[in-house]
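User: Hi! Could you walk me through this model?
Analyst: Happy to. Here it is.
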Amino acid sequence: MKENKKYITTKRRFRVIYLLCLFHVIFSLATAAIYYFIDVMIYLADVTVLVYVHFISALLYFLGAYVAKKGLVKYTRILFFILLNFSITITASYVGQVGSVEYLFMYAIGLPFILFSFKDEKYSVVVFSCLAGFLWILTSATDFKLFTDNHLDEAFALKYVYPISLLSTATMVIIQLFSFSNLNLTYYSGIYSKRQEAIDASEAKSKFLSTMSHEIRTPLNAIIGLSYILKDNEPRKDQVDNIEALNYSGKILLNLLNNVLDFSKMQSTKIELDNIPTDLKNAFRQLKKIYEPQCIKKGIQLNVNIDDKIPIVMLDIVRFNQVITNLLNNAIKFTEKGRVNLNIKKGLQIDGKVNVHTEVTDTGIGIPKSKQKKIWEPFTQASTSTTRIYGGTGLGLPIVKSIIEVMGSKIILRSKVGKGSRFYFKLKLDVAKEEKIVNSAKEIKFNGEKLLLVEDNPINVMVGKQILIKSNLKVESVINGQQAVDKLKEENYDIVLMDINMPVMDGYKATKEIRKFNSEVPILALSAEVFSEVKDKISDCGMNGFIYKPFTPNNLLSNVKDFLIK
């Protein structure tokens with residue numbers, strides 16, 4: 001791309017210097033003819049030297065045009081500026097101050113900015129602009145007697161040469177300004193075009209990722225939801241491991257998807273935190289149970305130690321869980337013997353703030369010191385063999401680093417090859433004023449409230465209904481937005497769960513139609529898309545909140561309960 005750009009710029013300069021040389025051939029011949037007329041026909045001063053100067057200049061400008069045509073722009077520009085400046089100086093000396101020929105130096109001072117690149121050839125711009133300025137000052141300082149003491153008759157110079165000099169100067173400066181304007185217009189048009197291309201590419205990427213997110217999260221919602229339902233239906237002992245493996249695989253896929261989407265979001269926008277009152281001990285109560293089967297299979301030990309003394313804190317538990325999940329996944333993946341430890345401890349607590357120290361250690365393969373900076377880069381692992389043997393996208397640690405930095409801290413790595421690794425960081429968190437933690441899914445029960453589920457995917461309808469009905473909700477379902485609008489015109493519901501992407505009428509339009517006649521019923525979006533612009537659309541159309549797919553039973557029921565008790 002850079003080479004192509006350089007080629008286009010050089011081609012423009014070829015054309016400009018070639019045309020300028022041809023223009024000055026004509027201009028110099030015309031000037032030589034004028035002075036020949038003055039010398040031979042009128043003879044008010046001896047200007048034979050000027051006739052020769054401008055005639056020879058015309059020949060040299062023609063030579064410059066020929067050289068430029070051959071592609072030797074560097075030499076042509078040097079010849080051009082030497083000729084231009086000295087022909088102005090000699091002419092001004094012979095004509096005298098009255099003729100105002102020296103004003104052409106204004107044209108000579110500005111011309112280097114057109115013929116040279118100020119970025120790459122700044123030295124040439126300065127040298128040739130200063131040369132013109134210096135000769136102008138020198139000509140004036142010597143009282144226009146730098147080359148001769150004999151000048152044209154002042155009355156003749158004032159009457160004929162002065163207007164021609166001013167007209168020539170004005171014409172050349174106007175052409176110069178036009179060239180500058182054209183260059184700026186071309187440059188900024190290019191910038192705007194590139195900017196628009198970048199915006200279009202970003203929008204296309206966002207649309208693609210949004211679509212992929214929806215298409216992947218929708219079946220993931222069914223996989224994770226069904227695994228919870230199967231587990232709650234008292235499976236046989238020989239089925240428990242299979243169900244847990246199904247649930248765990250779904251979560252691994254979800255974590256991978258979140259990593260890709262979060263990385264994409266981090267490239268264009270800053271991560272936004274949603275801090276809520278969080279009991280870390282309760283939040284990670286099931287953590288060991290999730291990861292222990294994998295550790296037992298590998299023959300390694302997993303230790304999870306969460307300090308009971310940590311108070312309820314304000315924390316984005318989703319992001320924090322993403323950090324812990326990525327660190328634990330890496331630790332378990334790269335440890336073949338020994339143990340993996342997660343330690344979350346309380347530090348200093350003062351003035352409503354508490355330090356929470358978190359570390360993940362392992363006795364795995366370790367990371368060479370030369371690679372310890374590289375692993376924080378996207379799509380990068382310690383070596384290509386690491387990717388072949390252990391798999392992974394190389395996105396986990398860059399995302400961990402970004403999240404921790406947004407939380408106001410810095411993650412530190414200590415590692416030795418063959419000994420293991422230690423990742424640790426310290427968060428300074430606000431202690432929650434209201435210690436309200438959402439109860440678990442099994443404790444959430446309703447009193448027969450009516451719920452309308454608007455969802456076009458039959459498997460998601462089946463999963464959602466089973467979770468909701470089990471918690472004592474009366475559930476009806478429709479498969480598109482138009483049916484939802486018709487239903488709400490006929491019956492009253494306590495809450496609506498609205499999918500976004502549906503046939504006939506999507507969730508946004510359906511919500512807008514509902515709000516025309518019913519502004520009271522809470523409408524929650526069931527969204528498989530996680531981009532900020534989707535959140536804005538959800539709010540703008542009149543929805544009250546949203547639930548990400550795939551959802552856990554606890555997440556779904558907690559959100560429903562929050563809006564039913566308002």
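User: Which residues point one way from E10, and which the other way?
Analyst: Ile495, Leu497 and Asp499 point one way, while Val496 and Met498 point the other way, and all are buried. Buried means under 20% relative accessible area with a 1.4 Å probe, counting protein chains only. Strands here are DSSP runs of E with at least two residues, and helices are runs of H or I with at least four, numbered from the N terminus.
User: Before we go on, what kind of model is it?
Analyst: This is a predicted model: local features need pLDDT of at least 70, side-chain atom pairs count only at pLDDT 80 or more, and totals for chains, interfaces and linings use all residues. Residues are numbered from 1 along each chain as its sequence is written, and side-chain values use heavy atoms, with hydrogens and water left out.
User: Back to E10, then. Which strand is joined to E10 by bridges at leucine 451?
Analyst: That is E8 (residues 450–454), which runs parallel to E10 with four bridges; pairing takes at least two DSSP bridges. Leucine 451 has isoleucine 495 as its bridge partner.
User: And what about E11?
Analyst: E11 (residues 523–527) is also parallel to E10, again through four bridges. Leucine 497 is partnered with leucine 524 there.
User: Which helix does the chain pass through from E10 to E11?
Analyst: Helix H16 (residues 507–515), in a right-handed β-α-β crossover. Right-handed means that, with the strands pointing away from the viewer, the path from the first strand over the helix to the second runs clockwise.
User: Switching topic: how many helices and strands are in the chain?
Analyst: There are 18 helices and twelve strands, and 44% of the 566 residues are buried.

Note on methods
Buried means under 20% relative accessible area, exposed over 50%, partly exposed in between (1.4 Å probe, protein chains only).
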